[in-house]
Amino acid sequence: MQSVALITGASRGIGRGIALELAKLGWNVVINYAGNRPAAETTASDCLAAARAAQHAIRAEPFQADIAEAPQRTRLLDFTREVFGRLDLLVNNAGVAPQVRADLLEASEESFDRLMRINVKGPYFLTQKAARWMIAQAAQTPPGQPRPKIVTITSISAYTASVNRGDYCMAKAALAMLTPLFAARLAEYGIQVFEIRPGIIATDMTGPVKDKYDQLIAGGLTPITRWGQPEDIGKAVAAIAQGLFPFSTGEVINVDGGFHLRRL
Ligand code: NAP
């Protein structure tokens, strides 16, 4: 049976990088996006090409759904069920930065609510719904066969104070609790749950602050002195997808060039 991954926010950036790495492994992928259909279609055709180059025949299906909206989360899972009939990996990747980077003393409640809805509530309830399906699927899985898995993409902002985007930091700190919660709840079903915590990754999200981060990285902000790339995250997800962490759950995997290291 060919494995199926649902990756939220896979039209661009990190989600796209994850979809491509899974495609190379021969996984079918559902490429969720919010509004950018052309980008999602490009990712889908690039996934097909990447799979073909690795001698795999896969399906890559773009699907629009705003993960902040409950009926759209339901549509997304229904689509995955109708097209593939199974779900082996949910990747909670979709997320947004504040529209304006505003100082902590000025930032608006509207921005806070937007980030909480997309970056926290969306993945939390999508995971709840997916987990119920995964439990049922796990019950039908013969012993020794892989069980479904869940990966959530947070950020170094879960523990790093950026006073010009406090709402983003608050949202990522809250999202970091998703993994211990679902890991503890789902372990009895053999469903493993992981957090991947990216550092500074070259995507549209970081485009507007490229020059600032260029300088910080060159100045030694990260022990590995380069920008992270979407495929760096994709490879970490691929390792989890392949079952290379069989006795771990609830784990945080930093993919940040060593940003999290305290140095003296
Ligand atoms: P990005 O380039 O801005 O891409 C965002 C993706 O999420 C797009 O596919 C977008 O779809 C989708 N999306 C946005 N809102 C959505 C919604 N409400 N429902 C469904 N999909 C939605 O961002 P990125 O840099 O790849 O970031 C991906 C994740 O990594 C985010 O959670 C972000 O917080 C996290 N992260 C990023 C960095 C970084 O340095 N870039 C670092 C740490 C963590 P459309 O194309 O349709 O707009």
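Ala184 is exposed, with a relative accessible area of 63%, where exposed means over 50%, buried under 20% and partly exposed in between, for a 1.4 Å probe and protein chains only. The structure is a predicted model, in which local features need pLDDT of at least 70, side-chain atom pairs count only at pLDDT 80 or more, and totals for chains, interfaces and linings use all residues. Residues are numbered from 1 along each chain as its sequence is written, and side-chain values use heavy atoms, with hydrogens and water left out.

**Ala184 and its helix**

- Ala184 belongs to helix H6, residues 178-186; helices (H or I, at least four residues) and strands (E, at least two) are DSSP runs, numbered from the N terminus.
- In sequence Ala184 and Thr249 are separated by 65 residues, while their C-alpha atoms are 8.2 Å apart in space.

**Gln192**

- Gln192 lies in strand E6, which covers residues 192-198.
- Gln192 counts as buried because its relative accessible area is 13%.
- The side chain of Gln192 reaches the backbone oxygen of Phe245 at 2.6 Å and the backbone oxygen of Ser248 at 2.8 Å.
- These are polar contacts, meaning pairs of N or O atoms within 3.5 Å; within protein, one atom must be able to donate a hydrogen and the other to accept it, and residues adjacent in sequence count only if both atoms are side-chain atoms.
- With neighbours within four places in sequence set aside, the contacts of Gln192 include Pro148, Lys149, Ile150 and Thr249, contact meaning heavy atoms within 4.5 Å.

**Helices H3 and H4**

- Two packed helices are described by the angle between their axes and the distance between the axes.
- The axes of H3 (residues 70-84) and H4 (residues 109-139) come within 10 Å and cross at roughly 35 degrees.
- Axes here are lines fitted to C-alpha atoms, for helices over the stretch in contact, and angles run from 0 to 180 degrees between N-to-C directions.
- The crossing of H3 past H4 is right-handed, that is, the near helix is turned clockwise from the far one by less than a right angle.
- On the H3 side, Arg73, Thr74, Leu76, Leu77, Thr80 and Arg81 take part, and they meet H4 residues including Phe125, Leu126 and Trp133.
- The residues of this H3 contact with H4 comprise six nonpolar, three polar and four charged.

- Asn119 is located in helix H4 and is buried, at 1% relative accessibility.
- The side chain of Asn119 reaches the backbone oxygen of Val96 at 2.9 Å.
- Not counting residues up to four places away in sequence, Asn119 touches Gly95, Val96, Tyr168, Ala171, Lys172 and Leu175.
- Ser157 sits in the loop between strand E5 (149-153) and helix H5 (166-175), and is buried at 4% relative accessibility.
- Leaving aside neighbours within four places in sequence, Ser157 is in contact with Arg165, Tyr168, Cys169 and Lys172.
- Ser157 and Gly13 lie 144 residues apart in sequence, with 17 Å between their C-alpha atoms.

**The ligand**

- There are 32 residues around the ligand, of which Ser11, Arg12, Gly35, Tyr168 and Thr203 come nearest; a residue is near a molecule if one of its heavy atoms lies within 4 Å of it.
- A polar side-chain atom of Thr203 is 2.5 Å from an oxygen atom of the ligand.
- A backbone N or O atom of Asn36 is 2.7 Å from a ligand oxygen atom, and a backbone N or O atom of Ile67 is 3.0 Å from a ligand nitrogen atom.

Definitions and conventions. Ala, Val, Leu, Ile, Met, Phe, Trp, Tyr, Cys and Pro count as nonpolar, Asp, Glu, Lys and Arg as charged, and the others, Gly among them, as polar.
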